[in-house]
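Subject: Structure handover

Hello,

Here is the structure I promised to pass on. Please open it and keep it beside you while you read my notes.

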Amino acid sequence: MDAFLLGASELLSPTTLLWMLLGSMAGIIAAAIPGFTVTMAIVLTLPLTFAMEPLQGIAVMLAVYVGGYTGGLISAALLGIPGTPSSVATTFDAFPMARGGQPGRALSIGVWASFFGTVISTAVLIVAAPPLAIFAVRLGPWEYFSLIVFALTIVASLVGNALQRGLIAAMIGLAISTVGTDPILGRPRFDFGLDVLAAGLPFLVVLIGIFAISQLASEVEDADAIKRGERLATGEIEFHTWAVMREVLMRPVNLIRSSLVGVAVGALPGAGGSIANLVAYDQAKRASKTPERFGTGIADGVVASEAGNSATAGGGLIPLIALGIPGSAVDAILMASLMVHGISVGPRLIMDNADLVYGMFLAMAISSLMMLVVCIFSMRMFLRIAEVPKWVVVPIVLVCCVVGSFALNNRVTDLYLLGFVGLAGYALKALDYPLAPLVLGVILGPIAETNLRRALMTDSDWTLFLTRPTSLVFLIAAALSITWAVRAHLRARKAAATRKESPQ
């Protein structure tokens, strides 16, 4: 109790709260810009915290962290472009909802789901950090590969009725992930002697090209609509904050399940929100009585994605606080900030610096509340984006995409790749290929390959994937997931054939 009160007294000072408020605003704005990720926002914040006290600096970065996971919702809902990799699944239902005349409802549902997801993950972080962290670090490359195999079965939930096209798109994504430097040996591969491919295709460039460039190209297809000054969305621009809060709370099972998925995925080193939002969306769709409505603009899809990605913020701190192992790039930056202040990060962190750890717990809760307040009071301003004509929005967003892609590695070649990937994404979209499986393949491909090769280099006995209990559980889950998906697909085809044969 003394440690908690000491941490709270330092955290609740007016100066710290003001810095946290500014950090929350910065995270939301940065993540709302396509191409500017949460990691980039944290990196820019890090130097500003060197002159602060350790808890104050960590609290500011946590505010940016929490705000960033919510900020990606804005462009995902209003533009159909995920502001960050963790908001890919949000576009599936938030964007159709906004295009259907309810942009305010789409944003409000996402904001409240993010808030409750962060609160739930903070509660789990406080209660279950040590046991979850111990489980996470005991996973070897065999378990991680089997986990990724299970995650790849999510493709079946992202393809809609186009199962074959979805599988082809996923294979294209996996192929893209193999271009560039070998992750184990460091040798170039599949670059065809082209310097532009020597470093591979960065995930952020692929994400922006596939979703942003293709979406922007689709927006300007109708020249007459552009000349008429057509807006991005039509209908009611108002939002009803408290009514939407009740709407989100009326889905407790989906909300809690998606948050727990986010915590679990966040606790696994190397995973993070980019995987959690897709897994949470997949589980929500599988558990729904009306899975065919997902992707048409329903609240359950937005709740699942936003609760899942926001909950990874708390989940990622579990191995960092309990064992000193960062779960993601952002957690590594937080760890570096502590080390700069001379604080040893490891299993003794909670014993030697209990006030700091309890202060971090409290900072997570305060950051989520600040994010909620900032979003509620600024939502009307964000919604004005929907009223801006396309001929104004499209070039501005395109410039942001180009700047974000260049800022990733400061390479001009990435801009050439952005244009090529964007054109490819536009072509695939025109041919009715789902884009989400491709992005999922790009995300999971490197993780699967690295852990498969590590496992076989450690022990060439492939039966270890089946004899190690945790790995076997993941593989069984993958088999059951595939069986469920095939069964659901065949059932949908049979229902469609029955409707077609029935007399009109």
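Are Arg189 and Asp182 buried or exposed? Both of them are buried. They also meet through their side chains, in a salt bridge of 3.8 Å from N to O. Keep in mind that this is a predicted model.

**The whole protein**

Start with the overall picture. The secondary structure comes to 23 helices and 2 strands. The protein has 504 residues, and 55% of them count as buried. Its accessible surface is about 21600 Å². Carbon and sulfur atoms account for 68% of that surface. Now take the contacts in the protein with a separation of 6 or more: 80% of them are between residues 24 or more positions apart.

One pair shows how the chain comes back to itself. Thr39 and Ile333 are 294 residues apart along the chain, yet their C-alpha atoms are separated by 8.6 Å. Thr39 lies in helix α3, which covers residues 38-45. Its relative accessible area is 28%, so Thr39 is partly exposed.

**Salt bridges**

Side chains of opposite charge can pair when their charged atoms come close. The count here is 10 salt bridges.

- Asp282 pairs with Arg286, and their closest N and O atoms are 2.8 Å apart. Both residues lie in helix α14 (residues 273-287). They are 4 residues apart, about one turn of the helix.
- Glu247 pairs with Arg251, with the closest N and O atoms 4.0 Å apart. Why does Glu247 count as buried? Its relative accessibility is 17%, and buried means under 20%. Arg251 has 23%, so Arg251 counts as partly exposed.

Glu247 and Arg251 also belong to a network of salt bridges. Arg105 and Asp300 are linked in that network too.

**Aromatic rings**

How many aromatic pairs does the structure hold? There are 9. One of them joins Tyr281 and Phe294, with ring centres 5.5 Å apart. Why is this pair edge-to-face? The planes of the two rings stand at 80°, and planes over 60 degrees apart count as edge-to-face. The pair links distant parts of the chain. Tyr281 is in helix α14, while Phe294 is in the loop between α14 and α15 (299-323). The two are 13 residues apart. Both Tyr281 and Phe294 are buried.

Tyr358 and Phe361 form another edge-to-face pair. Their centres are 6.0 Å apart, with 85° between the planes. Both sit in helix α18 (residues 354-383). They are 3 residues apart there, so about one helical turn separates them. Tyr358 counts as partly exposed because its relative accessibility is 33%. Phe361 has 6%, so Phe361 counts as buried.

Which residues make the nonpolar surface patch? They are Leu18, Trp19, Leu21, Leu22, Met25 and Ile29. The patch covers about 530 Å². Trp19 lies in helix α2, which covers residues 14-32. With a relative accessible area of 37%, Trp19 is partly exposed.

**Two backbone angles to check**

Most residues other than glycine have a negative phi. Two residues are worth a look here. Phe192 has a phi near 55°, a positive value in a residue other than glycine. Phe192 is in the loop between β2 (188-189) and α10 (203-219). Its relative accessibility is 69%, so Phe192 counts as exposed. Asp432 has a positive phi as well, near 70°. Asp432 lies in the loop between α20 (413-430) and α21 (436-458).

Best wishes

Definitions and conventions: Residues are numbered from 1 along each chain as its sequence is written. Side-chain values use heavy atoms; hydrogens and water are left out. Patches are made of residues with over 30% relative accessible area and no salt bridge: like charges are joined within 9 Å, nonpolar side chains (Val, Leu, Ile, Met, Phe, Trp, Tyr) within 5 Å. Accessible areas come from the Shrake-Rupley method with a 1.4 Å probe; for residues, only the protein chains shown count as cover. Buried means under 20% relative accessible area, exposed over 50%, partly exposed in between (1.4 Å probe, protein chains only). Rings of Phe, Tyr and Trp (its six-membered ring) pair if their centres lie within 6.5 Å; planes under 30 degrees apart count as stacked, over 60 as edge-to-face and the rest as tilted. Contact means heavy atoms within 4.5 Å.
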